[in-house]
Amino acid sequence: MKLNESYNLDDFHKTFTKSDLSMMYSRIADAYSYFQFYENSYLNYLNSLNFSPENIDYMLKTAVIEIKLSKFEDAKDRLYQIIENNPYQEKSYYNLGLIYYNGRGVPQDYREAVKWYRMSAEQEYQDAQLNLGFMYLTGAGVRQDKVYAHMWWSIAASNGSDVGARNRDRVVK
């Protein structure tokens, strides 16, 4: 900031007030979510998005709550929007995979689930790596292949997953 620049203090104040209000609503929503009051959590996440509509973190938390509230179409649309705005948001890909794997608000489609899990797993998201290992082990949406199951579980293990290490070791036997 240069000393000779003039600033409209009202605009400056509005910017910080919006940010503070957005954070406040998000924290309230987090608390409701912790106690599994998902409808209250959802309403507060929506309020936080009113003040910070571009906040990817708030959008993702809202989408997860929408899934828990069976608002699958809303969640799917929000997840696609997150990916459009930030293609490096591994949890969005993972949650889309869950929607397609479970057939929540969409026809169950294991191939589509594999597609989204893979995008998430390639960004080193452990849960997606674990799910891909399982899908290769069982042949859900892909050709059954224990080598690929072992590979994905090894990758998850190398990223710190104890479950990945256990599954990797079991598939070898």
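A residue is called buried under 20% relative accessible area, exposed over 50%, and partly exposed in between (1.4 Å probe, protein chains only). The model is predicted, so to speak of it one applies thresholds: local features need pLDDT of at least 70, side-chain atom pairs count only at pLDDT 80 or more, and totals for chains, interfaces and linings use all residues. Residues are numbered from 1 along each chain as its sequence is written, and side-chain values use heavy atoms, with hydrogens and water left out.

**Helix α4**

K76 is buried, with a relative accessible area of 13%. Both residues belong to helix α4 (residues 72-85), 3 residues apart, about one turn of the helix. Helices here are DSSP runs (H or I, at least four residues), numbered from the N terminus.

**Further salt bridges**

Move to helix α6 (residues 110-121), where E112 and K115 lie 3 residues apart. Their closest N and O atoms are 3.3 Å apart in a salt bridge, and K115 is partly exposed at 36% relative accessibility. Next, select R143 and D145, a salt bridge with closest N and O atoms 3.5 Å apart. R143 is exposed, at 61% relative accessible area, whereas D145 is buried at 13%. Then display D30, D57 and K61, which salt bridges with shared partners join into one network. The count of salt bridges comes to 7.

**The largest pocket**

Now show the largest pocket, with about 210 Å³ of space. A pocket is an open set of points on a 1 Å grid over the protein atoms alone, where a 1.4 Å probe fits, with protein on both sides within 12 Å along at least five of seven lines; lining residues have an atom within 4 Å of a point. Of its 14 lining residues, D57, L60, K61, V64 and K91 are the closest to the centre. Helix α3 gives the largest share of the lining, 6 residues. By class, the lining has 7 nonpolar, 3 polar and 4 charged residues.

**The nonpolar patch**

Finally, select M24, I28, Y32, Y34, F35 and F37, a nonpolar surface patch with about 650 Å² of accessible area together. Such a patch takes residues with over 30% relative accessible area and no salt bridge, nonpolar side chains being joined within 5 Å. I28 sits in helix α1 (residues 9-34) and is partly exposed at 33%.

Definitions and conventions:
Patch = residues over 30% accessible without salt bridge, like charges linked within 9 Å, V, L, I, M, F, W, Y side chains within 5 Å. Areas by Shrake-Rupley, 256 points an atom, 1.4 Å probe, with all protein chains shown as cover. Salt bridge = Lys/Arg side-chain N within 4 Å of Asp/Glu carboxyl O. Helix = DSSP H or I, 4+ residues; strand = E, 2+ residues; numbered from the N terminus. Points joined across faces, edges and corners; volume = space filled by probe spheres on them. Nonpolar A, V, L, I, M, F, W, Y, C, P; charged D, E, K, R; others polar.
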